[in-house]
Structure formats: C-alpha cells, structure tokens
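Q: Hi! I have a structure open here and would like to talk it through with you. Could you take my questions as they come?

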Amino acid sequence: QVQLVESGGGLVQPGGSLRLSCAASGSIFRINAMGWYRQAPGKERELVADITSGGSTNYADSVKGRFLISRDNVKNTVYLQMNSLKPEDSAVYYCHAGVLQGGTWRNLEVWGQGTLVTVSS
C-alpha cells in the first residue's frame, strides 16, 4: 500500500505565500510523475503543476510565474511554493503520484486526502 500525506495549507491574505508538502510512503519501488491538483467549490478538479522524476515541470497558465513545484527524490516528497496568492487560488489542493509498487510491480495512481488553501483578507 502507498500513501500520500499533505501538509501546509491554511488561511493567507491576498499577496501572501504558502508552501505545500506531500510525502509518499509505503511499498514504493519508484515514483514517476508527482503533481498538485486543486478543486474549488462547484468546479472540477484541475491540474496546478506536475514534475517528472527527472525534474521536468508543467504549470497551469493561471499559476505560471507565481507557483513553483519541486521534489526531493530521496525523501519521496513533492513541494508547491505558492507566491502572490489570489482569492481565486482558494481550493482544496490534492497531491498525486504515479507509483510503481514494490513487490506487486503494479502501477498505481495515488491521491492524497487534500489540504485546504483559503486566500482572503
């Protein structure tokens, strides 16, 4: 079994910053892409940013230049540094990882439980 545990959400004023973290644990042989998605009330879940095991990144147009995704392959952790936050960034942020599970050699799509980010004055 593989788990993703997120941390770092909270309430921040417009223009402020937050850093989200997501740590993977369990029977992991290899983690491929890791990423962050978000879902605001009444909206569909959308990709915010993702990063390959080699460090190639991809961002939604709405966050380019403000958010930075990074990962630590030793710690099996992905980060999302969010700067210049706007009220429209408010959402539940979900971590995602593509994992090759050790032992079973199954490819898994794993999701975290979500962490709430609220941008408001």
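Q: Let's start with one side chain: is Arg 66 buried or exposed?
A: Arg 66 is buried, at a relative accessible area of 11%. Buried means under 20% relative accessible area, exposed means over 50%, and partly exposed is in between, using a 1.4 Å probe and protein chains only.

Q: Before we go on, what kind of model is this, and how are residues numbered?
A: This is a predicted model, where local features need pLDDT of at least 70, side-chain atom pairs count only at pLDDT 80 or more, and totals for chains, interfaces and linings use all residues. Residues are numbered from 1 along each chain as its sequence is written, and side-chain values use heavy atoms, with hydrogens and water left out.

Q: Thanks! Where is Arg 66, and what is it in contact with?
A: Arg 66 sits in the loop between β6 and β7. Leaving aside neighbours within four places in sequence, Arg 66 is in contact with Gln 81, Met 82, Asn 83, Ser 84, Leu 85, Lys 86 and Asp 89. Contact here means heavy atoms within 4.5 Å.

Q: Which loop holds Ser 62?
A: Ser 62 is also in the loop between β6 (57-59) and β7 (67-72). Ser 62 is partly exposed, with a relative accessible area of 39%. Its C-alpha atom is 8.3 Å from that of Val 48, which is 14 residues apart from Ser 62 along the chain.

Q: Ser 84 came up as a contact of Arg 66. What is the phi of Ser 84?
A: Phi of Ser 84 is near 50 degrees, a positive value in a residue other than glycine. Most residues other than glycine have a negative phi. Ser 84 lies in the loop between β8 (77-82) and β9 and is partly exposed, with a relative accessible area of 41%.

Q: And what about the phi of Trp 105?
A: Trp 105 has a phi near 60 degrees, again positive in a residue other than glycine. Trp 105 is in the loop between β9 and β10 (107-111).

Q: Zooming out, how many helices and strands does the protein chain have?
A: The protein chain has zero helices and 11 strands. Helices (H or I, at least four residues) and strands (E, at least two) are DSSP runs, numbered from the N terminus. The radius of gyration of the protein chain is 14 Å, close to the 14 Å that the globule rule gives for 121 residues, so the chain is as compact as a globular protein of that length. That radius is taken over C-alpha atoms, and the globule rule is 2.2 Å times the number of residues to the power 0.38.

Q: What does the C-alpha trace span, and how much of the chain is buried?
A: Along its principal axes the C-alpha trace spans about 50 × 25 × 20 Å. Buried residues make up 40% of the 121 residues. Of the contacts with a separation of 6 or more, 56% join residues 24 or more positions apart.

Q: Which residues have the most contacts inside the largest nonpolar core?
A: Those are Trp 36, Leu 80, Met 82 and Tyr 93, in a core of 31 residues. The largest share of this core, five residues, comes from strand β9 (residues 91-101). A nonpolar core is a set of buried Ala, Val, Leu, Ile, Met, Phe, Trp, Tyr and Cys residues joined through side-chain atoms within 4.5 Å. In soluble globular proteins, nonpolar side chains tend to be buried together.

Q: What does Tyr 93 touch?
A: Not counting residues up to four places away in sequence, the residues Tyr 93 touches include Trp 36, Leu 80, Met 82 and Val 117.

Q: Is Val 117 buried or exposed?
A: Val 117 counts as buried, at 0% relative accessibility. It is found in strand β11 (residues 115-119). Val 117 and Leu 18 are 99 residues apart in sequence and 8.6 Å apart in space, C-alpha to C-alpha.

Q: Last topic: where are Gly 26 and Ser 27?
A: Gly 26 is in strand β3, and Ser 27 is in the loop between β3 (18-26) and β4 (28-39). Gly 26 is exposed, with a relative accessible area of 51%, while Ser 27 counts as partly exposed at 34% relative accessibility. Leaving aside neighbours within four places in sequence, Gly 26 is in contact with Gln 1, Val 2 and Gln 3. With residues up to four places away not counted, Ser 27 touches Gln 1, Val 2, Leu 100, Gln 101 and Gly 102.
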